[in-house]
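I opened my notebook for a walk through this chain.

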Amino acid sequence: NKRKFLLIASSSVLVLVISFIYVDKKFAPEEDDGFLQVIFSGPEGASIEQSEKTLVEAEKIFSMHKDILGFFEVMWSGDNAFAFVPLKDWSVRSKSQKQIKNELRRLDKTMFTY
């Protein structure tokens, strides 16, 4: 009886360890919330003029994307800014939130952090 118990217990631990190694670590799938929150991090000590240029570039990119409904940007220091970017409704969008986020990242890796 003790042997049976030890065999079952050790097998269970082995299965748990193997599962932990090979199973995806996310507990829940990434949800499409219908908006993006974008943080702009410029070089430390950037002037307000440089940051404004970055925001203008971001506005151009947001405006050209067909799945973006609009945007609201806030600069809180010379080298940091934030944008709230609502996306069009899921029924009329051609891409998921994740695809749009990855697309924006590819356009400018230095400008967009999420």
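My entries below go from the overall layout to single residues.

**Entry 1: layout.** I started by noting that this is a predicted model. I then looked up the secondary structure and found 3 helices and 3 strands. Along the sequence they come in the order α-β-α-β-β-α. The chain has 114 residues, and 25% of them count as buried. I also checked the contacts with a separation of 6 or more: 64% of them join residues 24 or more positions apart.

**Entry 2: the core.** Which residues have the most contacts inside the largest nonpolar core? I wrote down L36, V38, F40, F62, V85 and L104, in a core of 14 residues. β1 (35–41), α2 (48–64), β3 (80–86) and α3 each supply at least two of the core residues. The element that gives the most is α2, with 4 residues.

**Entry 3: I100.** Next I picked I100, which belongs to helix α3 (residues 97–107). Is I100 buried or exposed? It is buried, because its relative accessibility is 0% and the cut-off for buried is under 20%. Leaving out residues up to four places away in sequence, I listed its contacts as L36, H65, D67, L87, R93 and K95. I looked at L36 in particular: it is 64 residues from I100 in sequence, yet their C-alpha atoms are 8.9 Å apart.

**Entry 4: aromatic pairs.** I found 2 aromatic pairs. In one, the ring centres of F35 and F84 are 5.1 Å apart and the planes meet at 35°, so I filed the pair as tilted. F35 belongs to strand β1 and F84 to strand β3, so this pair ties together parts 49 residues apart in sequence. F62 and F71 make another tilted pair, with 5.5 Å between centres and 45° between planes. Here F62 is buried at 1%, while F71 is partly exposed at 32%.

**Entry 5: salt bridges.** I counted 3 salt bridges. R93 and D32 meet at 2.9 Å, N to O. R93 is in the loop between β3 and α3 and D32 in the loop between α1 and β1, so their bridge ties together parts 61 residues apart in sequence. R93 is buried at 9% relative accessibility, whereas D32 is partly exposed at 23%. K60 and E57 form a bridge too, with their closest N and O atoms 3.5 Å apart. Both are in helix α2, 3 residues or about one turn apart. I noted K60 as partly exposed at 46% and E57 likewise at 38%. E103 and K95 meet at 2.4 Å, N to O, and K95 is partly exposed at 30%.

**Entry 6: the outside.** Last, I looked for nonpolar residues on the surface. V13, L14, V17, I18, F20, I21 and Y22 form a patch there, with about 780 Å² of accessible area together. I took I18 as my example: it lies in helix α1 (residues 2–22) and is partly exposed, with a relative accessible area of 42%.

Notes. Residues are numbered from 1 along each chain as its sequence is written. This is a predicted model: local features need pLDDT of at least 70, side-chain atom pairs count only at pLDDT 80 or more; totals for chains, interfaces and linings use all residues. Side-chain values use heavy atoms; hydrogens and water are left out. Patches are made of residues with over 30% relative accessible area and no salt bridge: like charges are joined within 9 Å, nonpolar side chains (Val, Leu, Ile, Met, Phe, Trp, Tyr) within 5 Å. Accessible areas come from the Shrake-Rupley method with a 1.4 Å probe; for residues, only the protein chains shown count as cover. A salt bridge is a side-chain nitrogen of Lys or Arg within 4 Å of a carboxyl oxygen of Asp or Glu. Buried means under 20% relative accessible area, exposed over 50%, partly exposed in between (1.4 Å probe, protein chains only). Contact means heavy atoms within 4.5 Å. A nonpolar core is a set of buried Ala, Val, Leu, Ile, Met, Phe, Trp, Tyr and Cys residues joined through side-chain atoms within 4.5 Å. Rings of Phe, Tyr and Trp (its six-membered ring) pair if their centres lie within 6.5 Å; planes under 30 degrees apart count as stacked, over 60 as edge-to-face and the rest as tilted.
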